[in-house]
Amino acid sequence: MFQKELLQEKCKQIGVSLSEEQLQQFAVFYDLLIEKNKVMNLTAITEMEDVINKHFVDSLLLSNVLCLQSNLCVADLGTGAGFPGIPLKIAFPNLKITLMDSLKKRLTFLDEVITTLGLQDIETVHGRAEDLGKNKAYREQYDLCVSRAVANLSTLSEYCLPLVKVGGNFVSYKSGKIEEELIQAENAIYLLGGKKGEVIYHSIPDTDMERSFVTICKEKETPKKYPRKAGVPSKESL
């Protein structure tokens, strides 16, 4: 049985209030995730308390970094098993979310989640970040781009900043002390039209887990030559 009370208490501690319907949506999402994970590699984290802490609450920590009450248009790049996008959509149904991933099978699973939970104003898009960033349908269309994907900040900035509108933000979910990584990414952020970000640290309540958020504001349009062709950003950081 999914521990709704544990999730509710953890969310209260980070300032997020969930209705009974939202708690039930998280419970169903958990069941779908664990069931599909038996036949497909979605996550190495499967224990209920770990999923609550490391996936659900962790995703929602973004609400301590940015105000999520308005109708923001959000891209979740490299969403994987739906993090942080699905928890954000459940907790903040006002958000309009696009889940982006390069693996079609993951998105097929997420389409099932979206349908089962009855979520509105959320879609999945299949493609590599380098291609999506060049596509007029997605380029500079989002108020906010988030990513929990594992890559250095320079590479992630080249993936994500082209998707963000001028005046919008890119927020990277990181772990550990990352000031040095941010310094190394300064040139890339500038070239892509961003303003040097700040690092905000938040802990998951009653655990020793700490999340580092890098927030980067988009000040001007990204030059048309970025992102570079597929495979280049990960091999040759700006």
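**Cysteines and helix packing**

A: This is a predicted model. A search of the whole structure turns up zero disulfides. C145 is in no disulfide, and its nearest cysteine sulfur belongs to C160, 3.6 Å away. C160 is likewise in no disulfide; the nearest cysteine sulfur is that of C145, at 3.6 Å. Buried or exposed, where does C145 fall? C145 counts as buried because its relative accessibility is 0%. C160 is buried too, with a relative accessible area of 0%. The cut-off for buried is under 20%.

Next, the helix that spans residues 153–160. This is α7, and its axis comes within 8 Å of the axis of α8, residues 179–191. The two axes cross at roughly 35 degrees. The crossing of α7 past α8 is right-handed. On the α7 side, the contact is made by L153, S154 and S157. On the α8 side, E181, L182, Q184, A185, A188 and I189 take part. By class, this contact has five nonpolar residues, three polar and one charged.

Now to another helix, α2. Helix α2 covers residues 20–37 and has 18 residues. From first C-alpha to last, α2 reaches 26 Å, close to the 26 Å expected at 1.5 Å a residue. Its buried residues are Q22, L23, Q25, F26, A27, F29, Y30, L32, L33 and N37. What do the buried residues of α2 pack against? Their partners are α1 (4–13), α3 (48–60), α4 (85–91) and α5 (104–117).

L6 is found in helix α1. Leaving aside neighbours within four places in sequence, L6 is in contact with E49 and I52. L6 and I52 are 46 residues apart in sequence, yet their C-alpha atoms lie 8.1 Å apart in space.

Last, a strand residue. T215 lies in strand β7, residues 210–218. T215 counts as buried because its relative accessibility is 11%, and the cut-off is under 20%. Not counting residues up to four places away in sequence, T215 touches V65, F170, V171, G197, E198 and I200.

To return to the request: C145 and C160 are each buried at 0%.

Note on methods:
Residues are numbered from 1 along each chain as its sequence is written. This is a predicted model: local features need pLDDT of at least 70, side-chain atom pairs count only at pLDDT 80 or more; totals for chains, interfaces and linings use all residues. Side-chain values use heavy atoms; hydrogens and water are left out. Axes are lines fitted to C-alpha atoms, for helices over the stretch in contact, and angles run from 0 to 180 degrees between N-to-C directions. Helices (H or I, at least four residues) and strands (E, at least two) are DSSP runs, numbered from the N terminus. A crossing is left-handed if the near helix is turned anticlockwise from the far one by less than a right angle, and right-handed if clockwise. Contact means heavy atoms within 4.5 Å. Ala, Val, Leu, Ile, Met, Phe, Trp, Tyr, Cys and Pro count as nonpolar, Asp, Glu, Lys and Arg as charged, and the others, Gly among them, as polar. The expected span of a helix is 1.5 Å times one less than its number of residues. Buried means under 20% relative accessible area, exposed over 50%, partly exposed in between (1.4 Å probe, protein chains only). A disulfide is a pair of cysteine sulfur atoms within 2.5 Å.
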